[in-house]
Amino acid sequence: MENTSNALPRNINNSKMDRGLLRLLIVAYCLVYTVSECPITLEPSTVVVRHGDPVSVNCTVSGDHEGIGWEASEGSVDRVEGVQFVTWGLETLTEWDIRPKCFGDFLIHSACDMSLNITVYKPPDSVSISVVNHTDLKNEGDEYQLQCEVQNIAPVQYLTVKWYKGETLENQTSYDDLTKTPVNVSSTLLITPTSADDGAQYSCVAELELGPEGPQPSPEVKSDPLSITVHYAPFFSSPDETVEVTEGEEVPIKCLALGNPPPAYSWSSPSNQELKTNEMLEITSSSLSPGTYIYTCTASNSYGRQSKIFTVNVIPKDDQTVLWTVIGVGVAVAVLLILGYLYYKSKDGGNSII
């Protein structure tokens with residue numbers, strides 16, 4: 001009976017110790033596998049490399065291992081023991097969709113691996129701009145489509161095509177194609193030119209925005225500029241004018257309109273007679289009596305015509321003579337008054353001294 005009573009407590013204590021040890025082992029096992037990560041580090045972890053250039057990446061491990069190496073379609077490295085890092089590299093990278101992966105066998109992790117984030121890029125062979133279904137000549141107010149062709153670029157998902165008029169950014173296009181090999185792409189821009197756009201230069205730029213790991217500044221190729229010609233009807237940039245001329249003198253009147261093609265000019269006199277056929281008109285007032293005369297200049301080309309009125313006021317000579325006489329008398333009186341004042345001051349000053 002005594003032996004039986006003594007055995008019972010010992011069995012209970014042993015059972016408690018076994019359960020406690022099991023729990024401790026479970027906690028330790030979970031702690032190791034939950035907190036620890038694959039002890040592989042890639043330096044650098046992200047690579048952006050131009051197609052045909054060299055590339056080199058180190059795979060470094062911490063702690064004991066049974067071998068590390070690289071898996072890749074080019075430049076594979078067999079498993080090596082007793083080292084802390086192994087390098088994957090190529091003198092010339094020629095594969096577009098390469099996916100190197102560093103692997104290792106470890107006591108705790110058994111085996112794990114880490115893939116290299118690599119982007120292979122290529123700037124375009126050429127970038128060109130053209131007008132779709134038209135020549136370079138454009139009519140004001142009509143809509144035209146410009147097209148930018150980008151040849152042989154990769155990867156297209158990082159491409160942005162930017163449109164410029166002069167130095168001003170007009171529009172831009174991005175792409176979501178995940179193709180890694182070189183492709184040809186195009187971008188279009190709709191324009192409705194006005195007379196102000198005559199002679200404007202459009203260009204497009206293909207830019208590969210490869211992020212902070214890529215080359216800085218971002219690789220870009222710009223097209224040759226496309227200079228556009230806009231045809232429009234003549235117009236005058238200034239309103240009708242009034243000109244004054246003294247009887248017997250000559251006065252030039254210049255009529256200048258903007259237009260493309262350059263406009264031709266014609267003049268009509270107050271008697272509705274056609275005069276010269278260029279932009280300059282010399283008016284001789286000796287043949288005109290004092291008064292107001294209307295001259296009309298008309299600029300025209302194949303797109304339209306517009307007129308401008310010049311009002312010529314002929315002033316009689318007598319009016320001018322009287323005017324200048326009055327001015328002369330006024331000046332003479334003013335001079336006499338000034339001299340008299342100065343004489344008075346000098347006399348007054350002399351008396352004060354005595």
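**View 1. The link of C148 and C204.** The link of C148 and C204 is right-handed, with 75 degrees about the S-S bond. C148 belongs to strand β12 (residues 144–153) and C204 to strand β16 (residues 201–208), so the pair ties together parts 56 residues apart in sequence; strands are DSSP runs (E, at least two residues) numbered from the N terminus. The sulfur atoms of C148 and C204 are 2.1 Å apart, a disulfide being a pair of cysteine sulfur atoms within 2.5 Å. C148 is buried at 1% relative accessibility, and C204 is buried at 0% (buried: under 20% relative accessible area; exposed: over 50%; partly exposed: in between; 1.4 Å probe, protein chains only).

The model is predicted: local features need pLDDT of at least 70, side-chain atom pairs count only at pLDDT 80 or more, and totals for chains, interfaces and linings use all residues. Residues are numbered from 1 along each chain as its sequence is written, and side-chain values use heavy atoms, without hydrogens and water.

**View 2. The disulfide of C38 and C112.** The S to S distance between C38 and C112 is 1.9 Å, and the link is right-handed, with 70 degrees about the S-S bond. C38 is partly exposed, at a relative accessible area of 22%, whereas C112 is buried, at 14%.

**View 3. The disulfide of C255 and C297.** The sulfur atoms of C255 and C297 lie 2.0 Å apart. The torsion about their S-S bond is about -85 degrees, so this disulfide is left-handed. Both C255 and C297 are buried.

Key
Helices (H or I, at least four residues) and strands (E, at least two) are DSSP runs, numbered from the N terminus.
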